[in-house]
Structures are given as C-alpha cells and as structure tokens.
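Below is a short briefing on a structure with more than one topic to look at. Please keep the sequence and the model open while reading the points.

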Amino acid sequence: MIEQMPGTTISAVTRRLVTMRQESGVSALGRVLTLVIAAGDELDEAAVVAANTASNEHPMRVVVLLTREDVDDARLDAEIRVGADAGASDVVVLRAYGEVCSGVESLVTGLLLPDAPVVVWWPGNAPANPGESPLGRIAQRRIVDSAAMTLGPDVDRRFTGYTPGDTDLAWTRVTRWREHLAAILDQPPYEGVVSVEVVGAAESLSTQLLAAWLDLAIEAPTTCRFPVGDDPVEGLRSVTLSRPSGEAVLARETRSEAELRLPGQPLHRISLPRRSLSECLAEELRRLDEDVMYRRVLERLGHIRSQTNAGTGWMSEWSTVYE
Amino acid sequence: MPHNPLRSPDDPRLSRIAGPSALVIFGVTGDLSRKKLMPAVYDLANRGLLPPGFALVGFARRDWADRDFAEIVHDAVRKYARTPFREETWRQLAQGIRFVQGRFDDPAAYERLRDTVATLDRERGTMGNHAFYLSIPPRSFPEVARELSRSRLVDREPDDARWRRVIIEKPFGHDLASAQVLGETLERVFPPESIFRIDHYLGKETVQNILSLRFANTMYEPLWNRNYVDHVQITMAEDIGVGGRAGYYDGVGAARDVIQNHLLQLLALTAMEEPISLSAEHLRAEKEKVLEAVRLPEELDRATARGQYAGGWQGGERVRSFLDEEGMDPRSRTETYAALKLFVNTRRWAGVPFYLRTGKRLGRRVTEIAVVFRKEPGELFGKSDTTEQGSNALVIRVQPDEGITIRFGAKVPGTAARVRDVTMDFGYGNAFTEASPEAYERLILDVLLGDAPLFPQQREVELSWRILDPVEAHWAEQTGQLEQYAPGSWGPLAGDALLARDGRTWRRP
C-alpha cells in the first residue's frame with residue numbers, strides 16, 4: 001500500500017503512521033532500527049529495494065530523504081509505503097523543497113523509532129566527513145559507498161575524516177574474499193606468509209582496502225597492483241599469498257566464480273558471486289558498534305599512502321617493505 | 001593449531017568456513033538423511049560455509065552408481081532445502097558426491113569406502129579430514145565402529161594435519177548400563193572429543209536463546225530462583241502417534257525417547273548457573289552440575305504419571321489406539337505419555353518442583369518451557385478483583401512459533417479496579433523475519449569446524465540415565481494396563497493428578 005501526502009508536515013505523517021498501524025495491524029511489531037537513506041536529489045529505487053530486502057533480516061523503518069534546495073517553493077511531500085510495497089519495513093519517502101531542506105535533522109527526528117539505533121546510508125555521494133554532518137551526528141552507524149561516489153582525488157579525505165561508526169560498502173564487498181583467505185590460513189601447512197600481492201582495478205577502493213588489511217594482519221611485504229589491460233573482470237582480481245611451500249592464489253575467473261590454487265592440491269572452484277546491494281546492506285546492519293578492524297585498515301592505508309611510493313594520485317600502485 | 005593472523009577478535013564480520021573435508025553418511029537411504037541432512041549440506045554450501053574441497057559420500061546397501069545417488073540428493077535438495085536452488089552451488093557440490101554400495105558388516109565395502117575417500121582426498125582435496133555420520137539403528141553402531149577401525153578408515157593415532165569425527169543420533173542406550181557399553185564401544189575407536197552426539201533440539205535458535213535471555217539480560221536473572229519461581233513446567237507434545245515406528249517404540253516409551261535427552265537438556269539450560277564462557281567445556285561443566293543435582297521425590301508413585309493413547313476421533317480424523325497400531329504388541333505396557341516431578345538440589349532451586357511431560361497424540365505439537373512465578377499475596381487488590389488473574393509466567397516457546405511470552409496482570413478498562421491476565425509477546429518471526437538456519441545446518445557445520453558446545457558428551461548422557469533409571473525400574477514393577485487417554489487431549493488423568501496433589505495445574509500450551 002502506498003499513500004501520498006503532498007504538502008504535509010512531519011507530525012501529520014507520524015499521526016498517519018499510527019492510524020495506518022491501528023487500521024491494518026501492519027508494521028506493528030519488532031522494528032529493530034531506523035535506516036535513513038540520504039538519497040540526494042533523486043529517488044534511487046534500487047536503494048529502497050535493497051533496504052526492503054535487507055529488512056527481512058533486520059525489520060526496520062526506512063526514511064528516504066530527498067532534498068531539492070534549488071526549488072523556490074518551500075514544501076514537504078511525503079509518501080508512506082507499508083505492507084507488500086515495503087518488505088518487512090515501513091518506508092517513508094520525504095521530498096523536501098527549498099528552505100525546508102535547511103533543517104534535515106528536524107525532518108528525520110520525528111520519524112525515528114523510540115530507543116532504536118539509527119543508521120544513515122548515502123547510496124551516492126556522501127559528505128566528506130560523514131560523522132560531522134547533521135544527519136551523521138544522530139546516527140550510530142554511517143554507511144557510504146565509495147564505489148558509487150564521484151570521488152576523484154577526494155578519496156584521501158576519507159583517511160582523515162573517520163568517526164567511529166563509519167563504514168564503506170567497498171569494505172563490505174571484500175568480506176567473502178577475506179573469509180576465503182582466512183580459511184586458507186586455518187589449514188595446514190601452518191607457515192608464515194612471506195609476501196602478498198593483490199591485483200585489481202584502480203577505481204576500486206576495495207582492492208586497496210583488502211591489500212591494506214593483509215599488510216596490517218600479516219606484516220609481510222605487500223604489493224597492490226592495478227594492471228591496465230583488456231581483463232574484463234572489474235574490481236578485485238586476485239590475491240596471492242606466498243609461503244615457503246608455494247603460492248596460494250585466489251583469483252576471480254568470472255562474475256560468479258573464483259579459482260583457488262594451493263600447492264599440492266587440485267584446483268578448487270569457488271562460487272563467489274558479486275554481492276548484491278541488499279546483501280552488503282544486511283551485513284552492515286548486523287553490527288551497529290564501531291568496526292574496529294575497518295578503522296585500523298583505513299589508518300594503515302592512509303599510512304602506507306603517505307609513507308611509500310604511492311605517489312600523488314589515489315589510483316597509483318603501492319608496495320610495502322618490511323626489514 | 002597456531003594462531004591465524006587473519007583472524008582477530010576485532011573482526012567479527014568473518015564467518016568461519018569449514019576446512020576441506022568429506023562427510024560420509026551411513027544409512028543414506030533413510031528419511032532423516034533425505035529430509036534433513038542432504039538439504040542442510042546444500043544450504044550450507046549455498047551460504048558459502050562449506051570449503052571448496054568438500055565431498056559427500058553415501059554408504060548403503062542399494063545398488064546405486066554415483067550418478068543415481070547424486071540424483072537422489074538433487075531431488076531431496078530441490079524438495080526440502082531452505083535456501084533457493086542455485087545451479088552454480090549445485091554444480092560445485094555435485095562434483096564431490098560419491099556412493100559406496102555395501103552392507104554394514106562387509107569388510108570389502110569398507111575397503112571400497114577407503115579407496116573412495118582416498119581418491120577424494122587426492123582429486124577433490126578433502127585432505128584426509130573425514131566425518132562419519134551414523135544415521136543408522138544403534139544396534140549397528142558396534143559393527144560399523146569395528147569395521148571402520150579394522151579398515152583403518154579411523155585410527156586413534158593423533159595427527160595434527162587431519163581429523164576423523166563420528167556423528168551419532170539418539171538413542172544413546174536405553175539405560176545407564178547400555179549407555180556405558182555404547183560409550184565404551186565408540187571410544188575404543190574414536191577419541192572422546194571426536195564423538196559428536198546430535199540432539200537436534202540443541203541446534204535450535206530458541207534453545208540457544210535461553211542462554212541469551214538469561215545471561216545477556218539483567219531483568220530476568222534476579223527472579224530466576226526459589227524466591228520468585230513457584231515451579232517450572234517443561235512440555236514437549238506431539239499430535240501424531242507412533243505410526244510406522246511401532247516396532248521401534250515398543251519397549252522404549254516416551255520417557256526414554258524424549259525425557260532422557262531433550263527435556264533434561266532443556267531443564268539443564270533453564271536451571272544451570274552462569275558458565276564462565278560459552279565454550280563447550282564451560283557450558284558442559286554447568287550442565288553436568290545441574291544434572292548431578294537433580295533429585296527424584298521419595299514416592300515415585302506420586303511423582304510420576306504415564307498413559308497410552310486410546311483410539312477415537314482426533315481433530316476430524318479417526319485414529320487408532322496405541323495398542324492397535326500396526327505391528328504393536330496388544331499387551332504392550334510401553335507408555336506414550338510420561339510426566340515426572342523433579343527437584344534440583346541447589347541453593348537456587350531448593351524446593352522448586354520441575355514438572356516434565358511429553359506425549360504422543362496430545363492436543364497439539366508444541367515444545368515450551370514455562371517458568372511460573374509465585375502468586376502475588378493479593379492485599380491491595382481484593383480477592384474478587386483478581387479472580388481472573390493467574391500467576392505471572394514467562395514462557396519460552398521452543399517450537400513452533402518460536403518466541404517468548406510473558407503473562408502478567410493488567411487493569412481491565414472501566415471504573416472498577418479489576419485485574420486480569422494479559423500477555424506480552426516476542427515472536428522470532430516478528431523481530432527477525434529471516435528464517436533461522438535449520439538445526440542440522442548449524443550442527444553439521446559445528447562438526448566440520450570441530451566446535452562442540454552444542455553436543456552433549458558421554459557424561460551428560462550417563463547422568464541423564466541415572467535420573468531416569470529409578471523411574472523406569474519403578475514402572476517396570478507395576479502390573480496391569482496403563483491408563484488410556486483420549487487422542488487430542490492433554491494426557492491421562494494421572495498427569496493432572498500429579499500437579500493437583502501439589503495444588504497446581506498444567507498450563508495449556
């Protein structure tokens with residue numbers, strides 16, 4: 001069910017939500033968090049769909065906030081979606097025009113669930129320092145997606161503007177890779193890794209985050225390369241862990257499969273489909289405290305980029321040296 | 001195992017993927033295997049929790065080729081798996097499916113099995129790690145254990161580079177003595193820490209949630225003792241009869257089938273003290289302490305009840321009585337309903353009775369733990385104003401409709417100060433709509449990871465029998481027919497009388 005409320009106020013929306021709940025019994029119980037989608041100036045349905053799917057694991061209220069400051073006429077339009085149109089969540093889409101946009105916090109505050117955590121997600125461009133932004137300040141967790149941003153050289157800001165609770169879907173996208181890499185070292189031979197090589201696309205911050213994580217955890221010389229060529233696979237391509245007994249290589253072959261090569265073992269095929277937006281979002285919502293490992297990896301990456309031969313552009317290759 | 005630098009307590013995102021391994025299922029043609037085990041293996045693969053070097057080997061008497069077996073697994077997965085069917089997952093899984101034909105006592109079949117797993121170790125990279133799932137009648141355990149050992153599929157030599165594990169299902173014996181014999185038989189072949197006894201109840205989210213409810217919250221634990229709790233009722237009811245299992249069921253009965261394992265485990269989790277950690281060792285220590293502290297009342301006659309279901313109409317269906325079931329001895333004295341009063345002899349629980357009941361052909365299928373609190377003295381609100389109010393209760397619904405209900409009194413709207421019972425409800429399905437993993441998924445993964453907190457060990461099994469053996473002995477001394485109860489009712493009158501003697505009544509689940 002979708003209901004339009006043109007030219008309205010937040011208190012009217014709140015009252016309407018309560019009535020709808022009493023009338024139909026939908027959305028009555030057990031919401032665990034409020035997700036604010038700061039969608040910029042255009043409604044990205046893909047983001048709302050991802051949130052609705054993720055709500056199967058995390059029942060929540062979703063507030064989609066669209067702001068158009070450039071419009072003269074100050075007005076607030078709202079749209080309420082419940083039931084089949086909202087998965088296991090209830091969705092409120094707010095369209096703010098003109099001066100109404102000046103108090104985004106006040107727009108959202110009245111719709112936050114009592115005593116439940118708040119998560120803000122910028123599916124597109126995000127403020128340079130999410131934790132300092134008006135919306136970011138009211139949230140326990142702030143999700144940005146550097147893959148969806150028009151970043152350019154701005155990426156370096158990310159290493160300075162960290163607040164506990166920040167996270168990036170570029171980091172979420174490498175979780176499955178990290179699980180497989182950790183699983184390799186769970187098994188014999190229990191040898192130290194002497195060097196690491198990570199290969200991926202230059203545009204993908206995921207590649208650099210994964211390389212920085214390996215460097216941080218293993219403390220062995222790590223190289224992060226972005227070969228240019230006709231390789232059709234985008235994003236992360238391969239990780240090589242070199243040990244005295246040989247190389248362990250995890251390499252993406254197709255969009256859905258990877259190969260794992262280990263010394264003395266047959267070739268393993270691993271199903272490694274690209275993660276959907278809703279999968280990534282669901283993972284982000286699983287823990288709402290600070291992701292300490294992400295912070296340390298960001299710090300490490302910032303350090304590597306300032307210390308090593310990383311050069312000026314954020315798309316340059318780098319490697320670390322251990323004495 | 002040395003420390004893995006890629007694992008850190010600061011990195012809770014990483015789930016553990018099982019290491020390379022082969023799962024060998026004995027008795028692969030059975031119902032459990034088709035409806036639960038095969039789908040669970042697929043669901044694990046689909047969630048990315050199985051290693052690339054994984055193999056599934058079936059062992060049974062049927063004359064099947066690998067292909068036929070793969071077909072059976074495929075159909076079972078299609079029909080019963082929880083997660084959607086994905087061609088890629090299936091392709092990867094199917095590459096490691098093998099079948100070995102043979103009888104449990106045929107040494108040649110074990111030779112073939114050994115060759116099969118050795119080939120898998122080489123070609124699939126299962127690396128010598130093998131789990132043997134014995135989904136077979138317990139009378140075959142000794143035979144299979146002996147042959148596994150003789151064919152050197154399993155040995156007791158410690159080896160860091162590979163492991164052997166065995167998984168068995170209840171019943172773990174039929175009394176203390178037989179449980180000890182079974183334990184010794186298995187331990188001759190497998191080291192104790194490689195024996196995984198499956199009690200699928202312990203794999204259920206709600207059962208694990210008992211620990212979270214009690215020890216991750218502050219508001220329940222202060223009440224969780226004799227000062228506030230009047231008594232505890234633990235119920236596991238089924239609405240079906242013994243059906244095709246008549247032959248197995250005769251001589252076993254409800255108490256051995258359910259109370260000895262599931263209900264005493266639920267009792268242990270409800271009554272235990274807070275463990276030092278959630279590790280297998282610490283959890284087990286606390287559960288064992290509670291089981292060891294359990295006391296039966298002196299007069300077993302007055303503290304137990306049993307019965308058999310009669311024939312008649314149940315919910316629109318005509319059903320046979322227990323004694324008329326096909327293949328049943330018409331003079332059988334096996335109970336299909338058993339109820340029991342126990343005490344836990346600790347400072348926390350002194351004097352608080354725990355009532356356990358289980359039965360077949362009862363009102364509906366339900367498993368729950370009800371903690372019933374003491375009655376409020378009733379000074380402020382007059383007697384007549386609180387007649388509709390019972391005791392406060394906290395009910396943990398294990399299945400179906402998993403969740404927790406709290407019952408308390410609230411004012412009835414109007415001018416009078418009348419109070420009646422209302423309930424506050426938490427449903428897993430409301431707060432977490434994602435279907436929780438099947439118990440078997442969790443348990444199989446834990447076996448492959450070597451993670452044991454959810455598996456009872458030999459000592460717990462023996463302690464449980466020690467509790468039940470005197471009751472069974474007492475029942476064996478009685479003569480005459482067992483009380484018959486109507487199908488679809490809540491059991492025999494003797495069951496109600498058991499609580500009535502203490503001035504209490506069973507909760508209607």
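A:Glu219 counts as partly exposed, because its C-beta neighbours inside 10 Å number 14, and a residue is partly exposed when the count lies between the limits of 12 or fewer for exposed and 20 or more for buried. The model is predicted.

**Positive phi angles**

- A:Glu219 is not a glycine, yet its phi is positive, at about 55 degrees.
- This glutamate sits in the loop that runs between α8 (205-218) and β10 (222-225) of chain A.
- B:Met127, also not a glycine, has a positive phi of about 60 degrees.
- The loop that holds B:Met127 lies between α4 (107-123) and β4 (130-134) of chain B.
- B:Met127 is buried, because 23 other C-beta atoms lie within 10 Å.

**Cis peptide bonds**

- In chain A, the bond between A:Pro188 and A:Pro189 is cis, with omega at about 0 degrees.
- A:Pro189 belongs to the loop between α7 (175-186) and β9 (195-200) of chain A.
- In chain B, B:Gln399 and B:Pro400 are joined by a cis peptide bond with an omega of about -15 degrees.
- B:Pro400 is found in the loop between β15 (393-399) and β16 of chain B.

**A sheet in chain B**

- Strands of a sheet pair through backbone hydrogen bonds, in either a parallel or an antiparallel way.
- Six strands of chain B make an open sheet with parallel pairing, in the order β3-β2-β1-β4-β5-β6.
- The edges are β3 (97-101) and β6 (195-198) of chain B; each has a single partner strand, so one side of each has no neighbour in the sheet.
- On average, neighbouring strands of this sheet are turned by 20 degrees against each other, direction ignored.
- β2 (residues 54-60) of chain B pairs with β3(B) in the parallel sense over five bridges.
- B:Phe59 has B:Val100 in β3(B) as its bridge partner.

**Two packed helices in chain B**

- Two packed helices are described by the angle and the distance between their axes.
- Helix α9 (residues 253-271) and helix α10 (residues 280-293) of chain B pack at an angle of about 110 degrees, and their axes are 9 Å apart.
- This angle makes α9(B) roughly perpendicular to α10(B), because angles of 65 to 115 degrees count as roughly perpendicular.
- The contact is made by B:Leu264, B:Ala268 and B:Ala271 from α9(B), and by B:Lys287, B:Val290 and B:Leu291 from α10(B).
- Sorted by class, the contact of α9(B) with α10(B) has five nonpolar, no polar and one charged residues.

**B:Lys411**

- B:Lys411 is part of strand β16 (residues 403-411) of chain B.
- This lysine counts as partly exposed, because it has 13 C-beta neighbours inside 10 Å.
- Neighbours within four places in sequence aside, B:Lys411 is in contact with B:Ala417 and B:Val419.
- B:Gly247 is 164 residues from B:Lys411 along the chain, and their C-alpha atoms are separated by 54 Å.

**Chain A as a whole**

- Ten helices and 15 strands are found in chain A.
- Of the 323 residues in chain A, 42% are buried.

**Where the chains touch**

- Chain B gives 32 residues to the contact and chain A gives 35 residues.
- α3 (87-94) and α12 (428-431) of chain B each supply at least two residues of the side of chain B that touches chain A.
- The most on that side comes from α3(B), with three residues.
- By class, the side of chain B that touches chain A has 13 nonpolar, eleven polar and eight charged residues.

Methods:
Residues numbered from 1 in each chain as written. Chains lettered and ligands numbered in written order. Predicted model: local features only at pLDDT ≥ 70, side-chain atom pairs only at ≥ 80, totals over all residues. Contact = placed C-beta atoms within 7 Å. Helix = DSSP H or I, 4+ residues; strand = E, 2+ residues; numbered from the N terminus. Nonpolar A, V, L, I, M, F, W, Y, C, P; charged D, E, K, R; others polar. Axes fitted to C-alpha atoms, helices over the stretch in contact; angles between N-to-C directions. Parallel < 35°, antiparallel > 145°, perpendicular 65-115°, else oblique. Pairing = 2+ DSSP bridges.
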